[in-house]
Amino acid sequence: TVYLLLKAPEFDAALGIIEKFTLMVTALVHDIDHMGLNNSFHLRADTPMGILSSSSGVPSVLELHHCNLAIQILAHAECNVFGCLKPEQTVLAYKLMVSCILATDMSKHAESCNAFAAECWGEALEGRGTAAVEFKTSEHRKMLMQILMKAADVSNIMKPFGAIGETARLWALAVTEEFCTQGDIEKKKDLE
């Protein structure tokens, strides 16, 4: 999905090669080792990850976990896809990857979308200027990357079901099963 979004001319033109490459890598690792339980569950159930996250003051339990594992995996020479970059590009790639993974926390969805709209389309939304946006600053490009990652992360509901969309149907069933399983666990732990 990220690849297809990046093929859109306005996004392709807005982002540099390092940013596009980083976003593709992020798409691969952004949900690594997802256990089928959401952030709220981990925080309410006082799981070890929930305790670590709340102690650090960051409610994005799973997103921190995904970042940590991605960084550990990319630290191995045979997996270090950023190894071909210059040192300053590597630092940028890691910072952007972490930022984009953290942006997938749904508890911050409205806040992120509103900030993006205000920052990048503020004048157009207020009736001044046009809807055309140029992502010239690094902050604007980072926000665009975060929004593209968020869009890809929740894109399954926009994909066709049936013979042409068997993957989308199976994905929807898996997500539904996750929610039901979490509900059962919450009942057993009296977390309702």
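Predicted model: local features only at pLDDT ≥ 70, side-chain atom pairs only at ≥ 80, totals over all residues.

**The contact of helix 6 with helix 7**

Guide: Helix 6 and helix 7 are roughly antiparallel to each other, because an angle over 145 degrees counts as roughly antiparallel (under 35 as roughly parallel, 65 to 115 as roughly perpendicular, the rest as oblique). Their axes cross at roughly 150° and come within 9 Å. The axes are lines fitted to C-alpha atoms, for helices over the stretch in contact, and the angles run from 0 to 180 degrees between N-to-C directions.

Residues are numbered from 1 along each chain as its sequence is written, and side-chain values use heavy atoms, with hydrogens and water left out.

On the helix 6 side, the residues in contact (heavy atoms within 4.5 Å) are Glu63, Leu64, His66, Cys67, Ala70, Ile71 and Leu74. Helix 7 meets them with Tyr94, Met97, Val98, Ile101 and Leu102. By class, the residues of this contact are 10 nonpolar, one polar and one charged. Nonpolar covers Ala, Val, Leu, Ile, Met, Phe, Trp, Tyr, Cys and Pro; charged covers Asp, Glu, Lys and Arg; the others, Gly among them, are polar.

Serine 60 lies in the loop between helix 5 (48–56) and helix 6. Serine 60 counts as buried because its relative accessibility is 0%; buried means under 20% relative accessible area, exposed over 50%, and partly exposed in between (1.4 Å probe, protein chains only). Leaving aside residues up to four places away in sequence, serine 60 touches Asn39, Ser53, Leu102, Asp105 and Lys108.

Tyr94 of this contact also belongs to an aromatic cluster, in which ring pairs link Phe21, Phe82 and Tyr94. The structure holds three aromatic pairs. Rings of Phe, Tyr and Trp (its six-membered ring) pair if their centres lie within 6.5 Å; planes under 30 degrees apart are stacked, over 60 edge-to-face, and the rest tilted. Phenylalanine 21 and phenylalanine 82 form an edge-to-face pair, 5.9 Å centre to centre with 80° between the planes. This pair links distant parts of the chain, 61 residues apart: phenylalanine 21 is in helix 3 (residues 17–29), and phenylalanine 82 is in the loop between helix 6 and helix 7. Phenylalanine 21 is partly exposed at 30% relative accessibility, whereas phenylalanine 82 is buried at 0%. The rings of phenylalanine 82 and tyrosine 94 have centres 5.2 Å apart and planes at 80°, so this pair is edge-to-face. Phenylalanine 82 in the loop and tyrosine 94 in helix 7 are 12 residues apart, and both are buried.

As for the setting, the protein has 10 helices and zero strands. Of its 192 residues, 36% count as buried. The C-alpha trace spans about 55 × 40 × 40 Å along its principal axes.

How values were computed. Helix = DSSP H or I, 4+ residues; strand = E, 2+ residues; numbered from the N terminus.
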